[in-house]
Amino acid sequence: MPKKIINVTVNGRAHEEAVEPRTLLVHFLREQLNLTGAHIGCETSHCGACTVDIDGKSVKSCTHLAVQCDGSEVLTVEGLASLSKEAGVLHAVQEGFYKEHGLQCGFCTPGMLVRSYRLLIDNPNPSEDEIRAGISGNLCRCTGYQNIVKAIQYAANKLQQAQKVTA
Amino acid sequence: MEVKLDKRYPLEVSIEQAWAVLSDIRATAACMPGAAVTEQVDDTHYKGTVRSKIGPAVMQFGGDIEVKALDPATKSMQMMAKGADKSGSSASMDLAATLEPGETAGTSVLVGAATVLVSGKLAQFGNRLLVPVSDAMLAQFADNFRAAAAAVPVAAPAQSATTAPTAEGTSHAPTAPAAPAAVSAPAPRPAPAPVKELNAIALMWTVFKNWIAGLFGKRA
Amino acid sequence: MIPPAFDYHAPRSVNEAIGLLGSLGADAKLLAGGHSLLPMMKLRFAQPAHLIDLNRIAELRGICEDGGDVVIGAMTVENDLIGNALLRAKVPLLAEAPKLIADPQVRNRGTIGGDIAHGDPANDHPALSLAVDATFVLQGPKGTRQVKAEDFYLATYMTALAEDEILVSIRVPAFAAGTGWAYEKLKRKTGDWATAGAAVVMRMAAGKVTHARIALTNVAPTALRATDAENALLGQPLNDATVDAAAQAARAICDPAEDLRGDRDYKTAMAGHMVKRAIRAAAARCA
Amino acid sequence: MNAPTDPKLLERKDALQGMGDSRLRKEDARFIQGKGNYVDDIKLPGMMHMDIVRSPYAHARIKSIDKSEALKVPGVVAVLTAEDLKPLKLHWMPTLAGDVAAVLADGKVHFQMQEVAVVIATDRYAAADGVEAVQVEYEELPVVLDPYEALKPDAPVLREDLAGKTSGAHGPREHHNHIFTWTAGDKAAADAAFASAPVTVSQHMFYPRVHPCPLETCGCVASFDPVRGELTTFMTSQAPHVVRTVVSLLSGIPESKVRIVSPDIGGGFGNKVGVYPGYVCAIVASIVLGKPVKWIEDRVENISSTAFARDYHMDGELAATPDGKILGLRVDVVADHGAFDACADPTKFPAGLFHICSGSYDIPAAHCSVKGVYTNKAPGGVAYRCSFRVTEAVYLIERMVDVLAQKLGMDKAEIRAKNFIRKEQFPYTSAFGFEYDSGDYHTALNKVLDAVGYKALRAEQAARRADPNATHLMGIGLVTFTEVVGAGPSKMCDILGVGMFDSCEIRIHPTGSAIARMGTITQGQGHQTTYAQILATELGIPSEVIQVEEGDTSTAPYGLGTYGSRSTPVAGAAIAMAARKIHAKARKIAAHLLEVGENDLDWEIDRFNVKGDPARHKTMKDIAWAAYNNVPAGLEMGLEAVHYYDPPNFTYPFGIYLCVVDIDRATGETKVRRFYALDDCGTRINPMIIEGQIHGGLTEGFAVAMGQQMPFDAQGNLLGNTLMDYFLPTAVETPHWETDHTVTPSPHHPIGAKGVAESPHVGSIPTFTAAVVDAFAHLGVTDMTMPHTSYRVWQQLVKSGVAL
């Protein structure tokens, strides 16, 4: 099948790439752009390990065609830290997962982080139930979620504090 | 996974007309949506294909058909069809079909008992759909069978209204060949133009809906 | 799990899409949210030669008011239903129920039109559409036509949508003042299809039910409207006896397929319980 | 450990971040930035991709395999079948359990999704296209799925390759589908106890087949260098060294030229212990093609073909006095091992450590028998987040104690307290011969009962039962389990003849930082963090400057790997013992530097002080420097040590778990109202990580008990092998966990630690079942088969006449 040319911005960097129509976004990111943060866990859009942010929305990249991203902005876990104003400083959700032991094997973590990032933009001060519902598209086999909830609460507090300082 | 289906389909044709179709494996197979006999191996063995559509899924089975019994006295037929799809599924159907006289003269009843065994991906992922889809498939089979039998010229009764599908309430013309087209086919081998695959049933809805609602009742 | 090769088309207008559908024929499939179709393709059950992606057709998205109806573009995603103020005001059931569908990421891709047109009785919008008395606007090469939700579903995966047509919008009459509503869905876990689900839209006056529409998810080859259950309520006060009668009537029309969620008895019984829960919840919202 | 009170000492101690410190994890930095290095992240130049053709049938003869269409698919470079592997004698491979397993089906398939052929292509898309194009013709054979059916005289012969073999690796075979019968305990004594007991109870129970289902599936990248004759394989293995030995034995490549690397692993839970056909085929393909070959399982393949767990049909019996003192235990198990006996147990134990089934109780006489059987299901039998078959054993005994309590009308806490091994009985030798190291069950039980307000809960339950209008049933599950972990003493435990020791190699660098290399491999347990903490406390070197490495067989010392909660009990001991060797040498150097005798020195946190004159001291940092330039005469330069730790005994962690459930009488929905878990894992190295492991284990236990299942239809189709059906709970379904602990150190372990990560899985599963069954106990129900889905619970509601 002839390839299609797509223009896509990933983590702030513009790419022009040729892709087969059937190329899944997760394979495009991992194999063509060498961004291996997004993982493949289930392939049927249940586990969320492949979650990335497309044009401001959380999406499962295993059930999305790369060709559909033509003209889009994609954010992956690799781009989270660069969102901070200071270079090399972790995003609050990354810091939260570290400080609250929100990860063990680390396989679900990139998807969890990208999802948490968007969740806190959509709802800066979520309740525990809202956090649990908000990450219900992301499976974790190791943590039992309790510390992930704490990690997201940590990040929410930190982002709120930062907001207050700026205001 | 195993699906057992026991069906009775009233036919508006005489038992002889129906038998003309049932006793002809090619004609009978042609009534199955998407099915075709592609090769005759010997008197009782054939090769064939079935293309069936379950929503967006399309399965193409190729395999063997064995006519195990064909009894003109009791107007009964028994066959076994077995096939595999290249994407990793296989299916077999053991079918016993008998014709009985209908309640009124010139009508008959097609009585079918089928055991469908499915292995592989279709069984694993399609199990919740097998029963409704098999039901629908057999209903369409009966529909085609009626049309084929009606086309058999032996004492052909007046064309039944139910065999003339109309796409009521729709703005498009049916694209699948309408069953009555088979009327022109010469006897004794009525060949209704093969229905491409199961989904074509949507076009014959008005007929189909009445049968489900009225004649067949609910699956036991 | 890798999909087979196909060619990809991204029309910008409905007419362009219909043109493609006509020229590419039966080997083409419409791609909406893709969360049913792409997994099927990865399992190689579905092998369309062409995908026509409807995601770039702006006219298929959005929610607006037209007379007494709310009109929802078929490609409007579930999360946009949830967040929509017009829907909250006029047909709140359709802004609330999608929270029970799939998960947050999938709701960013999954569309109301895809859910409806797929013809899967396990999807939630078919029953919701029946309950809100929706009308589907279908567009084909010869123009548009409208089909009532009640007339749309023929059998599992079989709908009144012709192969050359696209579902373009869903028209829903705005709820009358004081309308109560609810959708109850029993499921094994987040993201699962319903073991059984029930949608109820009702109104009451002077302690009696004056309007009721009840529809069921995943307990038959298609979503079902439970007319007898509605009749069991109409003109009646709401009490244990009438609610039980409605649930009984709903159970009577169930014809579910057995699967890992349960056997026919369980699903049928659960349909009854979901109807009860939904009636109670809807009644609590009646003004 | 004696905690210092002097603030200055405390400060120095805290700076080490040693044992007891909730130190944040060292490994997280890469994971939270998307820089983990999992096997599918590895990309080598010229790498090929492999995909597998699998059987749609559970039992069938292969009539023909036609590769020709597949070879025409663009990008496909090779298709391999058993015929291609035969000349290499690699079409079958030995299993850890002394059986053989087909690498690629040799004329016959024995289970659905069995590997039939492999396709190697230039990319994974082409490989998948190639798989679809391989045409295999089968002839179906009768399918046997029930192990009891399999043992009937006229049952179809499943393993034709074993025809005529009347004995297997574990003794005589009594039937063509029989693998072994293994027994433990004293049958005569147990029978005698039952013969004279005033009360006996019996219960049949089934522990269904489940799958560990880590979020990352299995996979590998095999890379054979034809010039050097060296094979490097990156793979998802919980035991890379054992794999290297197996690969060397199978391939004939010297072990020195085989390098197995376990990179970051996205969860194992037992799934990644075994050697799977995919690994072998990728290795063969790499050797044949002279190019790296990657194979990554998809989720359906993972659940269908690699490493199931459990599938034990158990009959338990207890003999007791009328007041509830247990006198005897008998257990009879039929174990469904699937098509090949590929259980990952210590070689001499075909039923693992199932004979821990006398539990936490002082039972004078006991006997158990386990019969292994072949069926047309995938092989496996792994320890899913547990020590070998300990989950099954704990389930059996805890359920049996409940059955006895219900028969006698006794309280389920009281009957346990009555039968506990008492604190003063340790070390305690069980009727099965295990020597329990330490425990204090009564203290732990009382702590839990007080914490949850047990009496009030029982009162609430009584009131609920008395109310006919109650919409919910209430159940209280209590489990007081003991595990046996840390396999194991080499006198008892080996894998393919290699003793189940583990190892550590420590080097202290001149500037006082250190590297420790271990024979284990982390899959999320945080070894890089916790091992460093042990070393920090032992040697007074800050955790921060200690590097921990594992998983690469070319650098790490030989070890048996990570599973069965053996890392802390075995490798954790190895690290302490190696550190102590360094400590002893450091003392010599310190004495030399301070010009005093070794006995004139006191160790204090991070330094040796001259007795009575702490101003004169040498820190470990000082000593490290001196080790490379100023050592006493006759002492070697350098500061490093290796230790291979062969544990004298297993360790016996225990816990007391209590769960309260509310069951909706209309729908069967079961809500966990409360779950309280007290664990005693001996010395606690990193409380934060322990807590995290317990949350995770409880959640997995919840998944197993409440939803995970691998149902087969009559044709052997596995239904539900995607994550749509296979139950991995989300944050919404997962209950809130309350944790607690007591500390009863292991007396024989160098630091007193027992291992913890598996206890919450082992202990919680019977707790959920106990709670659900307890909700029906007043209705005479003694057993309900997992998983306790709403559907199944509703069926019990109907059966018991309490459904609304």
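Reader: What lies over the face of Phe194(D)?
Author: Arg330(D) does, at 4.0 Å from the ring centre. Keep in mind that this is a predicted model.

Reader: And which residue lies over the face of Phe31(D)?
Author: That one is Arg30(D). Its distance from the ring centre is 4.7 Å.

Reader: Switching to ring pairs. How many aromatic pairs does the structure hold?
Author: Over all chains, 35. Take Tyr276(D) and Tyr279(D): the ring centres are 5.8 Å apart and the planes sit at 40 degrees, so this pair is tilted.

Reader: Is Tyr279(D) buried or exposed?
Author: Buried, at 1% relative accessibility. Tyr276(D) is buried too, with a relative accessible area of 9%.

Reader: What about Phe426(D) and Tyr441(D), why edge-to-face?
Author: Their planes stand at 90 degrees, and over 60 counts as edge-to-face. The ring centres are 5.6 Å apart.

Reader: Where in chain D are those two?
Author: Phe426(D) is in the loop between helix H12 (412–419) and strand E21 (428–429). Tyr441(D) is in helix H13, residues 441–452. They are 15 residues apart, and the pair links distant parts of the chain.

Reader: Phe426(D), buried or exposed?
Author: Buried, with a relative accessible area of 13%. For Tyr441(D) the value is 2%, so that residue is buried as well.

Reader: Last topic, clusters. Which residues form one aromatic cluster?
Author: Phe481(D), Tyr657(D), Phe675(D), Phe702(D), Phe727(D), Trp737(D) and Phe768(D).

Methods. Residues numbered from 1 in each chain as written. Chains lettered and ligands numbered in written order. Predicted model: local features only at pLDDT ≥ 70, side-chain atom pairs only at ≥ 80, totals over all residues. Heavy atoms only, no water. Phe/Tyr/Trp six-rings, centres within 6.5 Å; stacked < 30°, edge-to-face > 60°. Buried < 20%, exposed > 50% of the residue type's maximum accessible area, 1.4 Å probe, protein only. Helix = DSSP H or I, 4+ residues; strand = E, 2+ residues; numbered from the N terminus. Lys NZ or Arg CZ within 6 Å of the ring centre and 35° of its normal.
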